[in-house]
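Here is a walk through one protein model.

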Amino acid sequence: MLDHDYTQKDAFNKNFFHDWRKCMTVQEKETISDLKKCDFMKMAAYFKELSELRKSRSKEEKQEEKNKNDALVKEYGFCIIDGHKQKIGNFKIEPPGLFRGRGEHPKMGKLKRRTQPEDVIINIGKDAPVPTPPKGHRWKEVRHDNTVTWLCCWTENIAGSNKYIMLNPSSKLKGEKDFQKYETARRLKSCVKSIRENYQADWKSKEMRIRQRSVALYFIDKLALRAGNEKDSDEQADTVGCCSLRVEHIRLHDELDGKENVVEFDFLGKDSIRYQNSVPVEKRVFKNVKLFCENKKPGDDLFDRLNTTILNKHLNELMEGLTAKVSISNNSAPLPL
């Protein structure tokens, strides 16, 4: 990993050294005080050699490993739900390592610790036999919750978020959920015209909250932007969606490249992927966005009277089951009536 771009980033090196020192002995802390003076070349050469040996294995050795993996899938890759055998998604927990994240994540370089059985919650049927934990360990909890679809759950130590072992996308329950989502998108086809007429009329509303909601709906409909959610922590990556856009994320151009009323977007979206787009918009939308920016600082919310809960509640009033996510599904993959 020494030749990776991450090792050139100050945040990565700072976080790595901070977590590494937590694992050091008192003597090691006295000896190792500056990461720049550490030489990892021998370790890098060792792991590179292991990688080359793995690549040069014979056909028989590769087949032997495949057989072992197939045996693991056969033993751990399936579960029984309502009497039916269902395939599990990824049943392996990620090993310890250095967190990289995507984009300029503020926690890149931190140590992802090993997940122990004591961290894991098992979710099974009341009459199902409890899986045996590794010798000398016990599960954090065994519960019987039939209102969720996850089979195991644990909390990772980087952002404190929950991780799950879920069913495979090809499983019956997953298929039913996807079917319901796309059926809702299919129903949207019959009333999308009236919904658009509704939010276009709201561009002239006397209430600022309604104007903001209508412009956000226009952006989601026209650009398939994610609605966006609030962050639980200031240490999470600074990613945003439509409802959490800030003034600094847009620039307004009366004219740009021969087009009038252009809104220029520049922000980090899902998974810290940068979204850059310059879009000509309706004149009324352009005027409203300019109004939303008045007397605000760059770090202020563009839609300061709107959040995803308010937006989705309004959409559900327009059509039962409609959310911003379903709207994007319809936008991205038009379905026949």
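A polar contact is a pair of N or O atoms within 3.5 Å; within protein, one must be able to donate a hydrogen and the other to accept it, and residues adjacent in sequence count only if both atoms are side-chain atoms. The model is predicted: local features need pLDDT of at least 70, side-chain atom pairs count only at pLDDT 80 or more, and totals for chains, interfaces and linings use all residues. Residues are numbered from 1 along each chain as its sequence is written, and side-chain values use heavy atoms, without hydrogens and water.

The domain assignment, automatic or from a database, gives domain 1 (5–166) and domain 2 (172–332). Nine residues from domain 1 and eight residues from domain 2 make the contact (heavy atoms within 4.5 Å). The C-alpha centres of the two domains lie 36 Å apart.

About 870 Å² is buried between domain 1 and domain 2. Buried area is the accessible area (1.4 Å probe) that two parts lose on being put together, summed over both. Carbon and sulfur atoms give 60% of it. Across this interface there are zero residue pairs in polar contact (both at pLDDT 80 or more). The count of salt bridges between the domains is also zero; a salt bridge is a side-chain nitrogen of Lys or Arg within 4 Å of a carboxyl oxygen of Asp or Glu.

By that rule the model has 18 salt bridges. One joins lysine 66 and aspartate 70, with the closest N and O atoms 3.0 Å apart. Both sit in helix H4 (residues 59–76), four residues apart, so about one helical turn separates them. Helices here are DSSP runs (H or I, at least four residues), numbered from the N terminus.

How values were computed
Helices (H or I, at least four residues) and strands (E, at least two) are DSSP runs, numbered from the N terminus.
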